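Here are my notes on this model, point by point. Have the structure open while you read.

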Amino acid sequence: MTQPTGHGLAAPTTMIVHGEIRNFEEFAEDDAVLLEGIVAALRTVNDPEIPVNIYDLGLIYRIEVRDDGGVEIDMTLTAPGCPVAGQMLGWVQEAVVVVPGVSDVKMKLVFDPPWDKSRMSDEVQLELGLL
């Protein structure tokens, strides 16, 4: 299960800034503020079949912020046959590109490792009656 940290960012998402993978607490303050903004934007996008945001649902696998402000996001779906897969990528891109400090967003849909409920935050699992 994912454990939220003090800043509200769930642990399993890989966060990379300026080419360096670090724990959230190790990022410089400006980078941490940018990551918080990106995560806040991701939390505005809900999975259409499960009324929960995609970040806390555990669908975001990687967030990378490049030196030029470009952001790369790897995400998955709860099921590979999701009928709105293409639309969801667009929703995420539109939500994140307006975050101050973000110049562009590139999305990558991944299915390895496959998503399962263990990637959800404890709060979401409680909300959905899975704990």
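1. First, some terms: two strands pair if DSSP finds at least two bridges between them. Helices (H or I, at least four residues) and strands (E, at least two) are DSSP runs, numbered from the N terminus. With that in hand, β3 and β4 pair in the antiparallel sense over five bridges, and E64 has E72 in β4 as its bridge partner.

2. Before going further, note that this is a predicted model, where local features need pLDDT of at least 70, side-chain atom pairs count only at pLDDT 80 or more, and totals for chains, interfaces and linings use all residues. Residues are numbered from 1 along each chain as its sequence is written, and side-chain values use heavy atoms, with hydrogens and water left out.

3. The protein chain has three helices and five strands, running β-β-α-β-β-α-β-α from the N terminus on. Of its 131 residues, 47% are buried (under 20% relative accessible area, with exposed over 50% and partly exposed in between; 1.4 Å probe, protein chains only).

4. Back to β3. On its other pairing, β3 joins β1 in the parallel sense over four bridges, with T14 opposite R62 in β3. Six of the six residues of β3 are buried, so the strand is largely enclosed by the rest of the structure. The β3 and β4 hairpin has four residues between the strands, and G69 there takes a positive phi near 90°.

5. Have a look at D74, which sits in strand β4 (residues 70-75). Is D74 buried or exposed? It counts as buried, because its relative accessibility is 11%. The D74 side chain makes a polar contact of 2.9 Å with that of R62 (a pair of N or O atoms within 3.5 Å; within protein, one must be able to donate a hydrogen and the other to accept it, and residues adjacent in sequence count only if both atoms are side-chain atoms). Leaving aside neighbours within four places in sequence, D74 is in contact (heavy atoms within 4.5 Å) with residues including K108 and V110.

6. Of its 38 residues, I38, L42, I54, I63, V71 and V96 touch the most other members. Elements giving two or more residues to this core are β1 (14-17), α1 (29-42), β3 (60-65), β4 and α2 (85-97), and α1 gives the most, with six. Not counting residues up to four places away in sequence, L42 touches several residues, among them I54, I63 and V96.

Methods. Core = buried A, V, L, I, M, F, W, Y, C linked by side-chain atoms within 4.5 Å.
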